[in-house]
Amino acid sequence: MTGEMNLQALLAGMHPVRRPGEYVYVLWPHGRPLAPGIEAAVREAEGLTVVLPRAEADKEGLSYDFVAAWITLQIHSALEAVGLTAAVSKALTDARISCNVLAGFHHDHLLVPVAEAGRALGVLAELAGRGQDHGQLPRPGLVLRDETPADRDAILALTADAFAISPATGLPADGEPVEVNVLRELFDAEEYLPGLSVVAVLDGQVVGHVISTRGWAGDQELLGLGPLGVTPRLQRQGIGSALMKESIERANAAGEIGIALLGSPDYYSRFGFVPAASMGVLPPEEAWGDYFQLLPLALWHGGVRGTFRYAEPFTRL
């Protein structure tokens with residue numbers, strides 16, 4: 001099978017997956033037979049460096065300083081491909097995550113500090129999403145700005161249109177979509193956060209809206225994103241993506257650590273969202289499974305655990 005060489009295709013197609021366990025680099029003792037658990041090796045003038053599971057190194061009595069998580073980029077990259085390592089390294093560097101790269105015949109592999117594994121997966125998923133969105137630009141003249149009370153009637157109307165077909169059932173909503181009343185209540189809720197309710201305006205008309213409100217996992221503050229709505233006639237034209245990216249940028253600028261949402265993994269994974277349970281945050285309803293997702297932001301510290309609690313209006317659904 002021929003490896004992929006196009007950088008944009010590599011970025012768009014990669015699916016970062018963490019191997020179970022923890023891994024370490026050690027200098028293998030000269031003359032000792034190699035252990036069966038060794039995953040990679042490099043011979044240098046100073047000796048043989050090996051990468052192996054931490055438990056194996058402990059069993060062999062070998063010392064190490066760096067404990068890593070092993071992430072595989074699930075894309076078959078050609079060994080002569082140009083730019084993938086640089087793009088991945090830059091994204092992780094910008095997030096201040098150290099990274100050691102191993103190139104295999106079929107895949108590239110990254111060893112990152114074990115405490116940063118979740119955040120690294122989020123950064124890589126976001127990078128893949130940018131590859132998927134390459135070349136897709138929002139409509140010319142689109143303006144993103146804070147929502148104001150004067151916008152609310154227009155927001156509720158477009159939300160009613162956007163959710164006239166239920167995303168959960170694929171059937172027409174019975175009366176007013178539930179998202180409309182939730183949004184109406186969120187505007188007046190204690191969990192409402194100024195600056196995280198954003199409208200998209202085109203030719204003077206509100207054509208899209210997204211809101212993030214305060215949520216929690218345990219006693220740790222997070223954001224709950226949604227509803228996100230775009231006027232139906234303008235959907236699939238980059239407006240929803242523009243609103244998502246604006247929300248993420250604003251959340252990072254505000255010092256938030258993570259955003260949770262319920263939605264399609266196929267859509268939201270392009271922005272860096274991963275199943276929330278993989279990050280230690282459980283959905284309010286177990287049946288949501290991988291549809292309940294989390295984006296770890298720049299200040300994510302990895303110590304968040306618990307069941308997610310949305311703003312009060314969501315509890316009345």
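**Figure 1. Five elements of the predicted model each supply at least two residues of the lining of the second largest pocket: α1 (7-13), β1 (16-18), α4 (117-132), α8 and β13 (274-275).** Helices (H or I, at least four residues) and strands (E, at least two) are DSSP runs numbered from the N terminus. This is a predicted model, in which local features need pLDDT of at least 70 and side-chain atom pairs count only at pLDDT 80 or more, while totals for chains, interfaces and linings use all residues. Residues are numbered from 1 along each chain as its sequence is written, and side-chain values use heavy atoms, with hydrogens and water left out. The second largest pocket has a volume of about 650 Å³. Its lining consists of 32 residues, and those closest to the centre are Pro16, Leu121, Val274, Pro275 and Ser278. Helix α4 gives the most to this lining, with seven residues. By class, the lining of the second largest pocket has 16 nonpolar, nine polar and seven charged residues. Here Ala, Val, Leu, Ile, Met, Phe, Trp, Tyr, Cys and Pro count as nonpolar, Asp, Glu, Lys and Arg as charged, and the others, Gly among them, as polar.

**Figure 2. The largest pocket has a volume of about 1800 Å³.** A total of 49 residues line the largest pocket, and Phe163, Pro167, Leu262, Gly263 and Tyr268 are the closest to its centre. Two or more lining residues come from each of α6 (178-186), β11 (220-230), α7 (239-253), β12 (258-262), α8 (265-268) and β16 (306-309). Strand β11 gives the most to the lining of the largest pocket, namely six residues. The lining of the largest pocket divides into 29 nonpolar, 13 polar and seven charged residues. On a 1 Å grid over the protein atoms alone, a pocket is an open set of points with protein on both sides within 12 Å along at least five of seven lines, a cavity is a set where a 1.4 Å probe fits but cannot get out, and lining residues have an atom within 4 Å of a point. Points are joined across faces, edges and corners, and a volume is the space filled by probe spheres set on them.

**Figure 3. The largest cavity holds about 30 Å³ of space.** The count of cavities of 30 Å³ or more comes to one. Leu73, Leu84, Thr85, Val88, Val101, Asp108 and Leu110 line the largest cavity. The largest share, three residues, comes from α3. Five residues of the lining of the largest cavity are nonpolar, one is polar and one is charged.

**Figure 4. Helix α3 (residues 84-94) has Leu84, Ala87, Val88, Ala91 and Leu92 as its buried residues.** They cover an arc of only 125° around the axis, which puts them on the same side of α3. The arc is that of the directions from the helix axis to the C-beta atoms. An α-helix has 3.6 residues a turn, so residues three or four places apart point the same way. On the other side of α3, Ala86, Lys90, Thr93 and Asp94 are exposed. Buried means under 20% relative accessible area, exposed over 50% and partly exposed in between (1.4 Å probe, protein chains only). After α3 comes Arg96, whose phi is positive, near 60°.

**Figure 5. The buried residues of helix α6 are Glu179, Val180, Val182, Leu183 and Leu186.** Their arc around the axis is only 165°, which puts them on the same side of α6. These buried residues pack against α5 (152-162), β10 (205-217) and β11.

**Figure 6. Val210 has its place in strand β10.** With 0% relative accessibility, Val210 counts as buried. Leaving aside neighbours within four places in sequence, Val210 is in contact (heavy atoms within 4.5 Å) with Leu196, Ser197, Val198, Leu225, Pro227, Leu228, Leu243 and Ser247. The C-alpha atoms of Val210 and Val67 are separated by 40 Å, and these two residues lie 143 residues apart along the chain.

Figure 7. Of the 317 residues of the chain, 48% count as buried. Among contacts between residues at least 6 apart in sequence, 70% join residues at least 24 apart.
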